[in-house]
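Work through the exercises below with the model open. Try each task before reading its solution.

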Amino acid sequence: MSTSPSYDRGFAAAARLAEFVRAGRLPGASAGILTDGKLTWSGSAGFADVGARRTADDRTLYRIASITKTVTGTAIMRLRDSGKLGLDDPVVEYLPELRQAVSPFGPIEAITIRQMLSHESGIRVDPAGTDWSGGSYQPDPAHTLAHAGEIVFKLPPFAQHKYSDLAYQLLGEVITRVSGSAYHQYVSDFVLQPLGLSSTSFDPLPSGLAECRATGYGWRALSDGLDPVRQAPSISAIRAEGGLWSTVADLGTWLAFQLSAYQPATTDSPVLSAATLREMHKPRFLGDDGWTSAWGISWKAVRQDDVIWITHSGGLPGFTATACFDPVRRAGAVVLINGTTYGGDLAFELARGARATALETIPAVVAPEPVPAGFRPLLGVYARPDLGGWLFKVEWRDSKLTVTAPESPGFQLALDPTSDPGAFTVGPGTNLAGEQVTFRRAGDGEISSMLLVETTLVRLTLSPGWRRERASGGCQLGR
């Protein structure tokens, strides 16, 4: 067993991983823990290949299966951000062959890219003819679309959560057609390589990675003996819905990329902006009646003890994988197994430990960003006299122009600038998102009022002698 780098609870994590492998009679596993948004511990237990007695370590590649969907979703969002497609565009706009699909619930044009990303389109789970027990799967979207009449929508869109590998296979083809590059090439060029995920790849693996991959094993039968799972060629050819191999280190980098969107002051990645990452993580469709799970864009949200974890798991014959993270405490974990068992419970256990460590950490104090010169005249106290003197404040807070209400602590609107220096748009997060806020000037050029959506608020100004009054213990507000 190997561990690296140091982590203050690394010994306990390593012991827990080894016990998980031993108790589950598994061939091997690798795991990683993230604290403060970065991989702080990784370790392995058992064997990457039992027959060769090759131990698992940080370089071992595992199939990450459906965690690949988070990469596919990222590629779609990158194309969206560059203006190449819209999430609410009908899928048939890019895949006209789908007009032949069977949709008993309404026109196929009602099915959008967004619905497929969030598993709410109602499309069947897998391509026609799939039989996982026999390794039968059709991974080629060109073949799938050539037989589009076999594609069936089992539910109307937005009726309920319905997970679908087929939806992501088709999204991979959308990426190919919109980008002009093969899906795997686009993902490599614009997602994996810019993030430095050099040990993450599709079959066939390059020679430098092929010798590091783990052998996948199936369920134990009647003895401790383990038989390798013979991968059918069709499974090796899977792409957008679950084809990637990766390591704990690379998946740690992948989760660090996700968590970068929640740093106090973050710089947008060339892959995706922080705002788009947060958009992907945001739950949009409930997965159960107990409100314990929901789907965002390519990611799933799970509520455990009032903590919202963002997560995705995956499994293919011989391999299972889980990744999860808490955006609030910027903690997470990865568990990769070259056996047929669920590792999600262990991943969440390790992540909860990392989260507990984050709670014990003294928060860093960073210097605030200065107020932009153009925003400074807008700061102040605003009131609506007919509301009995209810006050609002325009502040520079957390690097955003922000409207707050001192008498209502939960009221906070972050304002996004527009091309008009006096007009702003309310940012996401409240029911006023997307509405406009406009500042008005008096004849002398001073800011006199603010039109907050549909309500005019008068700006209060300090009287000319306020400094003298303050020195004597008093302060007066007036126009």
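**Exercise 1. Overall build**

How many helices and strands are there in the protein?

Solution. The protein has 12 helices and 21 strands. Here helices (H or I, at least four residues) and strands (E, at least two) are DSSP runs, numbered from the N terminus. This is a predicted model, where local features need pLDDT of at least 70, side-chain atom pairs count only at pLDDT 80 or more, and totals for chains, interfaces and linings use all residues. Residues are numbered from 1 along each chain as its sequence is written, and side-chain values use heavy atoms, with hydrogens and water left out.

Next, take the extent. Along the principal axes, the C-alpha atoms fill a box of roughly 90 × 55 × 40 Å.

Then take burial. Of the 479 residues, 48% count as buried. Buried means under 20% relative accessible area, exposed over 50%, and partly exposed in between (1.4 Å probe, protein chains only).

**Exercise 2. Surface, contacts and charge**

Describe the surface, the sequence range of the contacts and the placing of the charges.

Solution. Start with the surface. The accessible surface comes to about 22200 Å², and 54% of it belongs to carbon and sulfur atoms. Areas come from the Shrake-Rupley method with a 1.4 Å probe; for residues, only the protein chains shown count as cover.

Now the contacts (heavy atoms within 4.5 Å). Among contacts between residues at least 6 apart in sequence, 59% join residues at least 24 apart.

Last, the charges. Lys and Arg count as positive, Asp and Glu as negative; His and the chain ends are not counted. Each charge is placed at NZ of Lys, CZ of Arg, CG of Asp or CD of Glu. The mean positions of the 44 positive and 48 negative charges are 4 Å apart.

**Exercise 3. The largest pocket**

Which element gives the most to the lining of the largest pocket?

Solution. First, the rule. On a 1 Å grid over the protein atoms alone, a cavity is a set of points where a 1.4 Å probe fits but cannot get out; a pocket is an open set with protein on both sides within 12 Å along at least five of seven lines; lining residues have an atom within 4 Å of a point. Grid points are joined across faces, edges and corners, and a volume is the space filled by probe spheres set on the points.

The largest pocket has a volume of about 1700 Å³. It is lined by 46 residues, of which Ala261, Tyr262, Arg278, Lys400 and Pro428 are the closest to its centre. Elements giving two or more residues include helix 10 (274-281), strand 10 (307-316) and strand 16 (408-417). Helix 10 gives the most, with 5 residues.

**Exercise 4. The enclosed space**

How many cavities of 30 Å³ or more does the rule count?

Solution. The count is 1. The largest cavity holds about 40 Å³ of space. Its lining includes Ile64, Leu192, Leu244 and Trp254. Helix 2 (68-81) and helix 9 (248-259) each supply at least two lining residues.

**Exercise 5. Two residues in the fold**

Is histidine 312 buried or exposed? Then treat leucine 209.

Solution. Histidine 312 lies in strand 10. Its relative accessible area is 4%, so histidine 312 is buried. Beyond four places in sequence, the contacts of histidine 312 include Ser66, Tyr163, Trp295 and Ala323.

Leucine 209 lies in helix 7. Its relative accessible area is 12%, so leucine 209 is buried too. Leaving out residues up to four places away, leucine 209 touches Leu61, Ser198, Ser199 and Ser201. Leucine 209 and arginine 59 are 150 residues apart in sequence, yet 8.7 Å apart C-alpha to C-alpha.

**Exercise 6. Backbone checks**

Which residues does a cis peptide bond join?

Solution. The cis bond joins aspartate 203 and proline 204, with omega about -5 degrees. Proline 204 sits in the loop between helix 6 (183-192) and helix 7 (207-210).

Tryptophan 291 is not a glycine, but has a positive phi of about 60 degrees. Tryptophan 291 lies in the loop between strand 7 (285-286) and strand 8. At 59% relative accessibility, tryptophan 291 is exposed.

Aspartate 305, also not a glycine, has a positive phi of about 50 degrees. Aspartate 305 is in the loop between strand 9 and strand 10. With a relative accessible area of 73%, aspartate 305 is exposed.
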